[in-house]
Amino acid sequence: MAMPAAEIEALIKAALPDAQVTIEDLAGDGDHYAATVVSEAFRGRSRVQQHQMVYAALQGRMGGALHALALQTSAP
C-alpha cells in the first residue's frame, strides 16, 4: 500500500504551514522516502522534537501506508 509523495507533503504542510518540504522517493515504490523539512516551528527544538513534529503531522501513517521515511529537519 503505497503513499504518494504529494500526500506526505500535504500532511506536513497542513501541520506546519510555513514548511519548505522536499520529498524524494528512494526506491521508486512509494514506500521508502527521504524528506527535508525546513520550518520556523523547529527553531529552539531538538532534532528529536523536530522529527516528532513531522511524525505527528503524518497522523499515524508511519509504519502503515508509509514504510520508511528518512528525515532531515531544520529551522530556516
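Tutor: Start with a term. Exposed means over 50% relative accessible area, buried means under 20%, and partly exposed lies in between. Also keep in mind that this is a predicted model.

Student: Why would residues a few places apart point the same way?

Tutor: An α-helix has 3.6 residues a turn, so residues three or four places apart point the same way.

Student: Now α1. Which residues are buried there?

Tutor: I8, L11 and I12 are buried in α1. They sit on the same side of the helix, because they cover an arc of only 95 degrees around the axis. On the other side, A6 and A14 are exposed.

Student: What covers the buried residues of α1?

Tutor: The cover includes β1 (20–25), β2 and α2.

Student: Let's switch to the sheet. What is the strand order?

Tutor: The order is β1-β2-β3, in an open sheet of 3 strands with mixed pairing.

Student: Which are the edge strands?

Tutor: β1 and β3. Each of them pairs on one side only.

Student: How are neighbouring strands turned against each other?

Tutor: By 15 degrees on average, with direction ignored.

Student: Where do the helices go?

Tutor: Both pack on the sheet. α1 touches β1 and β2, and its direction makes about 155 degrees with that of β1. α2 touches β2 and β3, and its direction makes about 125 degrees with that of β3.

Student: Do β2 and β3 run parallel or antiparallel?

Tutor: Parallel. 7 bridges join β2 (residues 32–38) to β3.

Student: Give me one pair to click on. Which residue in β3 is the bridge partner of A35?

Tutor: L71.

Student: How does the chain get across from β2 to β3?

Tutor: It crosses through α2. This β-α-β crossover is right-handed.

Student: Back to β3. Which residues are on its covered face?

Tutor: L69, L71 and T73. The uncovered face has A68, A70, Q72 and S74.

Student: New topic. How many salt bridges does the structure hold?

Tutor: It holds 3. One of them joins the side chains of R61 and E7, at 3.4 Å from N to O.

Student: Where do R61 and E7 sit in the chain?

Tutor: In distant parts, 54 residues apart. R61 is in the loop between α2 (47–57) and β3 (68–74), while E7 is in helix α1 (residues 5–15).

Student: Are R61 and E7 buried or partly exposed?

Tutor: R61 is partly exposed, because its relative accessible area is 26%. E7 also counts as partly exposed, at 30%.

Student: Next one. What does E9 form a salt bridge with?

Tutor: K13. The closest N and O atoms of E9 and K13 are 3.4 Å apart. E9 and K13 are 4 residues apart in helix α1, so about one helical turn separates them.

Student: What is the relative accessibility of E9 and of K13?

Tutor: E9 has 27%. K13 has 35%. E9 counts as partly exposed, and so does K13.

Student: One left. What does R43 pair with?

Tutor: R43 forms a salt bridge with E40. Their closest N and O atoms are 2.5 Å apart.

Student: Are R43 and E40 buried or partly exposed?

Tutor: R43 is partly exposed, with a relative accessible area of 46%. E40 is partly exposed as well, with 36%.

Note on methods. Residues are numbered from 1 along each chain as its sequence is written. This is a predicted model: local features need pLDDT of at least 70, side-chain atom pairs count only at pLDDT 80 or more; totals for chains, interfaces and linings use all residues. Side-chain values use heavy atoms; hydrogens and water are left out. A salt bridge is a side-chain nitrogen of Lys or Arg within 4 Å of a carboxyl oxygen of Asp or Glu. Helices (H or I, at least four residues) and strands (E, at least two) are DSSP runs, numbered from the N terminus. Buried means under 20% relative accessible area, exposed over 50%, partly exposed in between (1.4 Å probe, protein chains only). Two strands pair if DSSP finds at least two bridges between them. A crossover is right-handed if, with the strands pointing away from the viewer, the path from the first strand over the helix to the second runs clockwise. The arc is that of the directions from the helix axis to the C-beta atoms. Contact means heavy atoms within 4.5 Å. Axes are lines fitted to C-alpha atoms, for helices over the stretch in contact, and angles run from 0 to 180 degrees between N-to-C directions.
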